[in-house]
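Have a look at the fold first, then read on.

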Amino acid sequence: VIPLMTVVNYSVQETFGDNLFFFEGMKWFEEVLSSERFHDSLIRQLKFTFIILLIQVPLGVAIALTMPRKGFWASVCLILMAMPLLIPWNVVGAMWNIFALPDIGLLGYTLNAMGFDYNFTRQPVAAWATLITMDVWHWTSLVVLLSYAGLSAIPDAYYQAARIDGANAFKVFRYIQLPKLKRVLTIAILLRFMDSFNIYTEPFVLTGGGPGNTTTLLSLDLVKIALGQFDLGPAAAMSLIYF
């Protein structure tokens, strides 16, 4: 509560150093909300969130459906799925930065050797594609594990009844598995939505918000205002709007 109230205090005041503050009221909030820079960052953030949810949720469910439920390979699959979640976020960004470098990275070199003009440090589309691919690699596992847990909790009686009725795989998924996954998928979507808005370290290490401001999401823009420009009032107001 105390750090949050400090931000609230800064959001309604101006400071020129020496611990001198001047009350500004709602000035900084009005400035942020009317700022084209904030609107651009918000649009980029919403676009990023929409794309990763559109990819990760169906992909996570599809992978969970193909995983074995029992035996040795079930444990192997669970371990492999959990591995990306165990890697620190700054390491993920560094890994993909090296992996995607156009000259020496395995991904970048291979794409260019195949005839694709790929350079995520200079091309906005390539930067976005690399950022989204990195996030999909890193976080789809969370959706997989949640979906797998939901599928494992479905009683066998439902599947036995479906076999007796002659239901095919699609109908089993449509009328048994998908309804039973509804609450699990709601949690998965909420978690991924919040995590996607919290993302900072991976894009900062991978692209630094570039090229230009192409991949400058809300969190990166906020840090630039607070620490890069040291505009504490607007940064505090933006923090509260962001929160």
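What follows covers the overall build and then the aromatic rings.

## Ground rules

This is a predicted model, so to speak of a local feature takes a pLDDT of at least 70 and side-chain atom pairs count only at 80 or more, while totals for chains, interfaces and linings use all residues. Numbering runs from 1 along each chain as its sequence is written, and side-chain values use heavy atoms, with hydrogens and water left out.

## Overall build

The protein chain has 13 helices and two strands (DSSP runs: H or I of at least four residues for helices, E of at least two for strands, numbered from the N terminus). Its radius of gyration is 23 Å, well over the 18 Å from the globule rule for 243 residues, so the chain is more spread out than a compact globule. That radius is taken over C-alpha atoms, and the rule is 2.2 Å times the number of residues to the power 0.38. The C-alpha trace spans about 75 × 45 × 30 Å along its principal axes.

As for burial, 39% of the 243 residues count as buried (under 20% relative accessible area; exposed is over 50%, partly exposed in between, with a 1.4 Å probe and protein chains only).

## Aromatic rings

The whole structure holds nine aromatic pairs. Rings of Phe, Tyr and Trp (its six-membered ring) pair if their centres lie within 6.5 Å; planes under 30 degrees apart are stacked, over 60 edge-to-face, the rest tilted.

Take Trp89 and Trp139: with centres 5.9 Å apart and planes at 70 degrees, the pair is edge-to-face. Trp89 sits in helix 5 (residues 89-100) and Trp139 in helix 7 (residues 124-152), so the pair ties together parts 50 residues apart in sequence. Trp89 is partly exposed at 41% relative accessible area, whereas Trp139 is buried at 12%. Trp96, Phe99 and Trp137 form one aromatic cluster.
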